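User: Please examine the structure shown below and answer a series of questions about its fold, its packing and its charged pairs.

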Amino acid sequence: MLLVKNEELCNLLYTVTYSAFEKINSYMRNEKIYYLPRYYKWPKRSLNFNNGLPSFSEDSYSEERPVKYKDFFARWQGNPRIEITDLNGYKEYEKYAMENQYFKEKYLLTPNGEDNSLFSISIKSIVESLVERYFHMYDCNENFDFDKFKKIYIPIENSIFNEILHIEIVVPLLFVKFDFESLEIDENTYIEQMDEVMQLSRTRISNYAVPVNETVINATTHALVLKNYSFKNTSKWGVSELLSQKNAYPLDIIDTFINCLRISLGLETGYGQLISRPYDWCNSYDANLRPIYGTLIRAFPSKFDRFYWLNTEIPTVTIEQMQSVGDMFLKIQKEPNSKMIIATQRLKYCYLRDNEQDAIIDAMIALETLLSDGEKSELNHKLALRMAALLPLSKEVTQTPIEIFTTVKKIYDYRSAIVHGNPKANNKREIKFEGVEPIPAVERAIEYLRLAISIMIENPQYLKANKIDEELLLKSFQ
């Protein structure tokens, strides 16, 4: 339940916001207005592709853009429409804020700094945000309501006075659809369908240092949500800086989940945004958008950049499939294994590499990690034998053990040709069997790797290579 912590500040800002509400309404009723200030580059849904994924654009000129009420106080040219210092109670509020230690810690750039002009602007921006939010959330033709005001005031108050700030981490999942709205994996992990406000809000997250195609990061309907994260409250600028850094996010957990989608379902997916969604706090508001923070990241296959959004068929995950993925994710989280960690990291690289030769090396490193116990001799042969014994445990596998054995040998030959600089390495990049269409070695290597990981998650005893020998290989001779 949201509770007011500072009654004095609440009453001061209520008086100021109420006065602004009255003055703006009076101005709009009585003045001859040639144009209303509206948001520039406002996000809007432009269309849905034939595959059902959304696309967004920016609107800078139409009358459909929301009114930017905070600009009634702006000094673009000459005097503002409404002088903010003339609002009832503003000077009392400003005096209180300028003297309050919590405000100083939140809005001064340096402790005990002398940047009073910036401090004053920050104090003013709180009023502007409250006015903006109230007009966009509630009917401006109704009487100003204290309870409604408190709903938008308390998150601002929490951002100033709370020692710890809580967030939910939201990671939109690219180029995959779901046949359900939401699913709880455990108490801290969810899949949720992003509503229209969340979709529009996240389009404003940017990072000019990360080259990400906007159409790619738009191509998502659902997100992974990680709950119950928190951090120590600092200045407004410190919070923004922290939540714009990718290393502030639990990338290992996120990558593990994405890998489970790949392992369990063979999906090509990834993510291009890391989003922090404040829980019961915010620093400011823009119209009706959700206050969020975040950054961009290239954690998706490079093929997505090459007009992948025009694909007519995008895989849809059922709730039953997602429950299976969730079970795999929880099992990996509960019982971490060094071999499995290395193998799943290499699997991720396989999907993200631009160069197939790099990907084949990653795949073979992962398989060597999983299927050896430090042996040095005849590794190629042992790897092929163990894969031939292990993979038939998967219901997805239709090849015979001898076909698997031969395929692994061919993949390893390609890998060896690459690492030893064989100029004829490309002659080995496809696996050919009589009467069957050639298959790129990299595709088969990635497929075998994800199947091997899946089998070992369900049968962790086979993470010890000698158990494969004893229970699967030697058993076949009995």
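The questions and answers below proceed from the overall architecture to individual residues.

User: On what kind of model do the values rest, and how many helices and strands does the protein have?
Analyst: This is a predicted model, in which local features need pLDDT of at least 70 and side-chain atom pairs count only at pLDDT 80 or more, while totals for chains, interfaces and linings use all residues. Residues are numbered from 1 along each chain as its sequence is written, and side-chain values use heavy atoms, with hydrogens and water left out. Helices (H or I, at least four residues) and strands (E, at least two) are DSSP runs numbered from the N terminus. Counted in this way, the protein has 16 helices and 12 strands.

User: What percentage of the residues of the protein count as buried?
Analyst: The C-alpha trace spans about 90 × 40 × 40 Å along its principal axes. Buried means under 20% relative accessible area, exposed over 50%, and partly exposed in between (1.4 Å probe, protein chains only). Of the 478 residues, the buried share is 50%.

User: Among contacts between residues at least 6 apart in sequence, what percentage join residues at least 24 apart?
Analyst: A contact requires heavy atoms within 4.5 Å. Among contacts between residues at least 6 apart in sequence, the share joining residues at least 24 apart is 75%.

User: Which elements do the buried residues of helix 16 pack against?
Analyst: Helix 16 comprises residues 465–473, and its residues Ala465, Ile468, Leu472 and Leu473 are buried. They lie on the same side of the helix because they cover an arc of only 75° around the axis, the arc being that of the directions from the helix axis to the C-beta atoms. The buried residues of helix 16 pack against helix 11, helix 12, helix 13 (379–390) and helix 15 (441–458).

User: Is helix 12 roughly parallel or roughly perpendicular to helix 13?
Analyst: Two packed helices are described by the angle between their axes and the distance between the axes. Axes are lines fitted to C-alpha atoms, for helices over the stretch in contact, and angles run from 0 to 180 degrees between N-to-C directions. Helix 12 and helix 13 pack at an angle of about 75°, with their axes 10 Å apart. Angles under 35 degrees count as roughly parallel, over 145 as roughly antiparallel, 65 to 115 as roughly perpendicular and the rest as oblique, so helix 12 is roughly perpendicular to helix 13.

User: How many salt bridges are found, and which residues are linked in a network?
Analyst: A salt bridge is a side-chain nitrogen of Lys or Arg within 4 Å of a carboxyl oxygen of Asp or Glu. A search of the whole structure finds 21 salt bridges. A network of them links Glu168, Glu192, Lys227 and Arg277.

User: How many residues apart are Glu268 and Lys303, which form a salt bridge?
Analyst: The closest N and O atoms of Glu268 and Lys303 are 3.0 Å apart. Glu268 is in the loop between helix 9 (251–265) and strand 8 (271–278), and Lys303 in the loop between strand 9 (293–299) and strand 10 (316–317). Both are partly exposed, Glu268 at 27% relative accessibility and Lys303 at 31%. The pair links distant parts of the chain, 35 residues apart.

User: Is Phe307 buried or exposed?
Analyst: Phe307 lies in the loop between strand 9 and strand 10. Its phi is near 55°, a positive value in a residue other than glycine. With a relative accessibility of 55%, Phe307 is exposed.
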